[in-house]
Amino acid sequence: MEERFGLARSIFAPFILERTKRDIWLMPKDVFDLDFTDFEIEKRGLRSFNGEKHPPKPTSTFLQRFGHLCTKGRVELSALELQSFLNGESLIGKAVGISQGYILVCRHSFPIGCGFVRDDNIETQFPLKTGRSISKQYL
């Protein structure tokens, strides 16, 4: 995260990472220590990474939460590009000069979600169901 997105390790000092079979979850240390026996909780924390890939893919939710702290690996999209991205289309030639890997896609400097750079193109890694729910006024 530090090399690709410029997120300093110190940002995550108050958190614990927990690996499950498929994912990596991030939760505040103080929440991790709480007793939730009286509650039915499926999973504590924020699903931060899909751990099946190498390197693990950051979730769009994770990037939305911490993206404002990213100093690298950000790409700003126009309204038309964002609409294409949210519809699952690749953005051809948008990533010239950016190395292959995951990036943070933004609109008006606001973190939208995860993209993947391959051959100067940005491929969407954003959940299409979520993308359809974004207000067209935002674009």
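Trainee: What should I know before I start?

Mentor: The model is predicted, so local features need pLDDT of at least 70 and side-chain atom pairs count only at pLDDT 80 or more, while totals for chains, interfaces and linings use all residues. Residues are numbered from 1 along each chain as its sequence is written, and side-chain values use heavy atoms, with hydrogens and water left out.

Trainee: Let's take strands. How do they pair in general?

Mentor: Strands of a sheet pair through backbone hydrogen bonds, either parallel or antiparallel. Here, strands (E, at least two residues) and helices (H or I, at least four) are DSSP runs, numbered from the N terminus. Two strands count as paired if DSSP finds at least two bridges between them.

Trainee: Which strands does β6 join, and how do they run?

Mentor: β6 (residues 101-107) runs parallel to β5 (residues 74-76), with three bridges between them; there V75 stands opposite V105. With β7 (residues 110-118), β6 runs antiparallel through seven bridges, and L104 stands opposite C114. β6 and β7 make a hairpin with two residues between them, and H108 in the turn has a positive phi of about 55°.

Trainee: Is β6 buried or exposed?

Mentor: Seven of its seven residues are buried. Buried means under 20% relative accessible area, exposed over 50%, and partly exposed in between (1.4 Å probe, protein chains only).

Trainee: What is the order of the strands in the open sheet?

Mentor: The order is β1-β2-β3-β4, with antiparallel pairing. The edge strands are β1 (15-19) and β4 (57-58), each pairing on one side only. Five bridges join β1 to β2 (residues 23-28), and R19 stands opposite I24.

Trainee: Now salt bridges. What's the idea?

Mentor: Side chains of opposite charge can pair when their charged atoms come close. The cut-off is a side-chain nitrogen of Lys or Arg within 4 Å of a carboxyl oxygen of Asp or Glu.

Trainee: How many salt bridges does the structure hold?

Mentor: It holds four. One of them joins R47 to D23, with the closest N and O atoms 3.1 Å apart. R47 lies in β3 (residues 46-50) and D23 in β2, so the pair ties together parts that are 24 residues apart in sequence. R47 is partly exposed at 30% relative accessibility, whereas D23 is buried at 9%. In another, E2 meets R9 at 3.8 Å between the closest N and O atoms; E2 is partly exposed at 43% and R9 is exposed at 69%.

Trainee: And aromatic pairs, how do I spot those?

Mentor: Look for rings of Phe, Tyr or Trp (its six-membered ring) with centres within 6.5 Å; planes under 30 degrees apart count as stacked, over 60 as edge-to-face and the rest as tilted. The whole structure has seven such pairs. F49 and F62 have ring centres 5.0 Å apart and planes at 45°, so that pair is tilted. F49 is in β3 and F62 in helix α3 (residues 60-66), 13 residues apart, which links distant parts of the chain.

Trainee: What about F62 and F66?

Mentor: An α-helix has 3.6 residues a turn, so residues three or four places apart point the same way. F62 and F66 both lie in α3, four residues apart, and form a tilted pair, 5.0 Å centre to centre with 35° between the planes. F62 is buried at 1%, and F66 is buried at 3%.

Trainee: Which residues form the aromatic cluster?

Mentor: F12, F15, F49, F62 and F66 form one aromatic cluster.
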